[in-house]
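Here are my notes for a colleague opening this entry for the first time. Please read them with the viewer at hand.

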Amino acid sequence: MPFGNTHNNFKLNYSVEDEFPDLTKHNNHMAKVLTKEMYAKLRDKQTPTGFTVDDVIQTGVDNPGHPFIMTVGCVAGDEESYEVFKDLLDPVISDRHGGYKATDKHKTDLNFENLKGGDDLDPNYVLSSRVRTGRSIKGYALPPHNSRGERRAVEKLSVEALNSLDGEFKGKYYPLKSMTDAEQEQLIADHFLFDKPVSPLLLGAGMARDWPDARGIWHNENKTFLVWVNEEDHLRVISMQKGGNMKEVFKRFCVGLQRIEEIFKKHNHGFMWNEHLGFILTCPSNLGTGLRGGVHVKLPKLSTHAKFEEILNRLRLQKRGTGGVDTASVGGVFDISNADRIGSSEVDQVQCVVDGVKLMVEMEKKLEKGESIDSMIPAQKAPPL
Amino acid sequence: LNLKMNFTAEQEYPDLSQHSNHMAKVLTLEMYANLRDKQTSSGFTVDDVIQTGVDNPGHPFIMTVGCVAGDEETYEVFKDLLDPIIEDRHGGYKPTDKHKTDLNPDNLQGGDDLDPNYVLSSRVRTGRSIRGFCLPPHCSRGERRAIEGLSVEALGVLDGDLKGKYYALKDMTEEEQQQLIDDHFLFDKPVSPLLLASGMARDWPDGRGIWHNDNKTFLVWVNEEDHLRVISMQKGGNMKEVFNRFCTGLTKIEELFKEKGHEFMWNEHLGYVLTCPSNLGTGLRGGVHVKLPNLSKHEKFGEVLKRLRLQKRGTGGVDTAAVGGVFDISNADRLGFSEVELVQMVVDGVKLLIEMEKRLEAGQSINDLMPEQK
């Protein structure tokens with residue numbers, strides 16, 4: 001955050017003991033990893049934009065965490081955070097992303113033609129399909145740390161890029177601060193509108209500063225491609241539609257992303273990416289592809305089967321309620337999506353979803369007929385690396 | 001270092017078009033351009049000062065300040081912004097004005113005989129900042145803990161009527177917590193976006209705590225919105241006793257800090273320096289909970305209070321409504337008047353308000369009692 005002890009020049013007058021946060025009641029990735037020795041080593045460092053280790057960890061200090069949900073407890077303020085504070089972030093990344101090592105390489109594959117199948121998920125079961133990711137614009141600080149000028153520049157570039165899209169991507173930008181009541185109502189009805197963050201996890205990282213300045217929502221006329229500007233990341237990109245044609249959703253996702261990227265590159269502001277971490281985003285949990293691809297699918301019988309969790313685990317999928325990450329399912333309808341983010345490519349992850357959901361729908365059908373699914377239980381899919 | 005200086009003042013200047021707070025009234029683009037590359041010795045910038053005001057546009061009826069200080073120097077380095085705000089907030093107080101401090105309780109006349117049939121309780125509070133440390137929006141954990149350590153040491157020496165105990169927020173037992181809640185002493189992590197946006201809740205509850213004397217008439221909050229908040233209170237209408245204890249306690253605490261080589265932040269222009277510009281000067285709010293069911297319905301009630309330089313609140317605090325005709329009546333001013341003067345206004349004013357209430361009870365007029373504008 002740009003306020004607080006993050007750029008307090010007096011703090012180095014105090015010993016490491018005096019400055020080290022009390023993490024005794026904490027249960028998040030940062031608290032598991034940050035030792036006094038590590039803090040001592042990092043506390044006088046900063047990135048070129050002035051982000052310090054206290055900035056990185058503030059959200060984790062202020063939010064001790066939950067016994068069941070392991071939050072990350074740190075954020076990046078810029079691209080260099082992941083380098084300058086690698087002693088802290090590499091172990092956090094490894095712990096969060098299934099053992100991903102500091103020397104591992106991440107694959108990016110946004111060639112939708114490499115996806116096999118995915119156009120025939122049974123619409124009697126699969127109600128909708130969606131793929132989302134985030135992107136950060138090189139040369140600008142990230143939402144916890146950026147200035148108003150930077151945020152506005154990201155908005156300007158984004159709107160320019162998005163407004164140049166045509167065909168199925170032709171659309172319109174709605175800045176949060178000048179939205180009419182009618183536009184707001186429509187965006188709410190479409191479930192597109194995002195609001196000022198209320199989560200203390202985000203507020204504690206300074207992401208809501210200057211709200212709603214330079215924040216906005218862009219979507220195409222068909223309402224199948226949506227971009228959030230300056231919410232938790234510079235850009236959040238979402239492709240979606242009703243029914244089970246994940247292939248079409250993924251194609252639109254890849255094509256749209258690549259078109260946007262070209263335009264940013266022309267302005268010498270490509271996306272933040274490197275061969276170790278893939279796409280760089282604010283939260284370490286979203287590194288790699290930053291991709292969550294999933295469906296809303298009816299699995300009333302399978303979801304009550306004793307092996308449901310095990311099946312998901314082996315397929316490297318996770319379940320959520322249809323209201324989002326912390327909700328319960330309603331009427332046997334689940335949000336099923338990929339569990340991994342880093343170490344496997346976009347194509348790999350969406351393939352997991354397509355293949356896995358296809359199998360689960362078949363299992364559901366078998367259970368409807370009163371038949372056993374024991375012969376269909378899959379082997380454990382290999383982890384990304 | 002920071003990328004923001006690569007952008008122009010226009011590009012960085014906040015959008016204040018929807019805003020209604022003191023900062024937004026004062027901060028022009030030119031002023032922002034002049035101040036944006038400056039910082040105090042501890043690194044506090046103009047963006048730090050104004051962030052809370054940018055994030056909280058304000059209310060059409062309630063004029064919030066919209067800025068905070070991160071250290072003592074803030075009021076000097078950013079005087080171009082803060083002087084006009086102080087002037088607007090504190091009734092025309094000029095940059096050249098001098099503030100009087102008077103914590104001699106013997107100078108208070110009367111105040112020991114407010115009618116307890118009307119005055120239910122009396123209270124005086126203020127804040128103090130410890131020189132050499134950054135203020136709550138900006139202090140580090142090490143600084144905050146040092147303030148706590150010093151404060152606990154100083155308070156631990158108090159004896160007699162002031163002898164008491166410290167309850168650190170993070171080590172409190174359930175019983176202690178319940179007792180403090182029952183006594184209405186416990187303060188909680190701030191939820192107001194005005195405070196959160198300025199960074200005051202960082203590292204909660206580290207370094208925070210409550211100290212009170214055994215008699216529960218003298219209470220100190222450590223590292224909440226200011227380094228120290230000091231409160232003296234008791235049931236009934238003996239404001240003189242409350243003020244006596246307030247002054248004695250404060251003076252003792254100040255001596256103890258000085259013995260350790262630390263003073264309170266104070267200067268002859270701004271008086272006691274606190275985090276929020278609205279609390280400069282005395283930082284003092286002295287008041288009573290008083291029953292005024294008839295007077296409060298009189299059409300001249302607002303005017304009477306104004307002339308007496310008093311303000312009314314509900315008994316739940318600054319944004320609450322009165323219940324059962326019981327009001328919290330306190331001094332409206334903070335800066336430009338001494339502690340004795342402000343408490344004198346409360347004592348004299350409340351005495352008059354009760355006389356008026358008794359007249360109205362008897363069905364008589366209060367016209368001859370109307371005061372002049374103080």
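1. Start with an aromatic cluster in chain A. Phe169(A), Trp218(A) and Phe225(A) together form one such cluster. Bear in mind that this is a predicted model.

2. Aromatic pairs come next. Over all chains, the count reaches 15. Among them is the pair of Phe264(A) and Phe271(A), which is tilted, with 5.6 Å from centre to centre and 50° between the planes. Phe264(A) is buried, at a relative accessible area of 1%. Phe271(A) is buried too, at 6% relative accessibility.

3. Chain B has a tilted pair as well: Phe187(B) with Trp221(B), at 5.1 Å centre to centre and 50° between the planes. Where do Phe187(B) and Trp221(B) lie? Phe187(B) is in the loop between helix H8 (174–182) and helix H9 (193–196), while Trp221(B) belongs to strand S4 (residues 218–222), so the pair ties together parts 34 residues apart in sequence. Phe187(B) is buried, with a relative accessible area of 4%. Trp221(B) has 16% relative accessibility and also counts as buried, because the cut-off is under 20%.

4. In chain A, the charged end of Arg135(A) sits over the ring of Phe279(A), 3.4 Å from the ring centre. In chain B, the charged end of Arg128(B) sits over the ring of Tyr272(B), 3.4 Å from its centre.

5. Now strand S8 (residues 285–291) of chain B. Five of its seven residues are buried, so S8(B) is largely enclosed by the rest of the structure. Which way do its partners run? Strand S1 (residues 119–128) of chain B is joined to S8(B) by six bridges and runs antiparallel to it. Arg125(B) has Arg285(B) of S8(B) as its bridge partner. S10(B) also pairs with S8(B) in the antiparallel sense, over five bridges. Within S10(B), Val326(B) stands opposite Lys291(B).

6. Follow S10(B) onward to Asp333(B). This residue is in the loop between strand S10 (326–331) and helix H12 (339–361) of chain B. Is Asp333(B) buried or exposed? Asp333(B) counts as buried, at 14% relative accessibility. Its side chain makes a polar contact of 2.6 Å with the side chain of Arg309(B). Neighbours within four places in sequence aside, Asp333(B) is in contact with Leu284(B), Arg309(B), Leu342(B) and Met345(B).

7. Check the backbone next. Most residues other than glycine have a negative phi, and most peptide bonds are trans. The peptide bond from Trp211(A) to Pro212(A) is cis, with omega near 0°. Pro212(A) is in the loop between helix H9 (200–203) and strand S3 (216–220) of chain A. In chain B, a cis peptide bond joins Trp204(B) and Pro205(B), with omega about 0°. Pro205(B) is in the loop between H9 and strand S3 (209–213) of chain B.

8. His184(B) is not a glycine, yet its phi is positive, about 60°. It lies in the loop between H8 and H9 of chain B, and at 70% relative accessibility His184(B) counts as exposed. Asn223(B) has a positive phi near 60°. Asn223(B) is in the loop between S4 and strand S5 (228–235) of chain B, and it counts as buried at 3% relative accessibility.

9. Last, the domains of chain B. The assignment gives domain 1 (17–90) and domain 2 (105–362). Their centres, taken over C-alpha atoms, are 25 Å apart. The contact takes 22 residues from domain 1 and 24 residues from domain 2.

How values were computed:
Residues are numbered from 1 along each chain as its sequence is written. Chains are lettered from A and ligands numbered from 1 in the order in which they are written. This is a predicted model: local features need pLDDT of at least 70, side-chain atom pairs count only at pLDDT 80 or more; totals for chains, interfaces and linings use all residues. Side-chain values use heavy atoms; hydrogens and water are left out. Helices (H or I, at least four residues) and strands (E, at least two) are DSSP runs, numbered from the N terminus. Buried means under 20% relative accessible area, exposed over 50%, partly exposed in between (1.4 Å probe, protein chains only). A polar contact is a pair of N or O atoms within 3.5 Å; within protein, one must be able to donate a hydrogen and the other to accept it, and residues adjacent in sequence count only if both atoms are side-chain atoms. Contact means heavy atoms within 4.5 Å. Two strands pair if DSSP finds at least two bridges between them. Rings of Phe, Tyr and Trp (its six-membered ring) pair if their centres lie within 6.5 Å; planes under 30 degrees apart count as stacked, over 60 as edge-to-face and the rest as tilted. A charge sits over a ring if NZ of Lys or CZ of Arg is within 6 Å of the ring centre and within 35 degrees of the ring normal. Domain bounds come from an automatic or database domain assignment.
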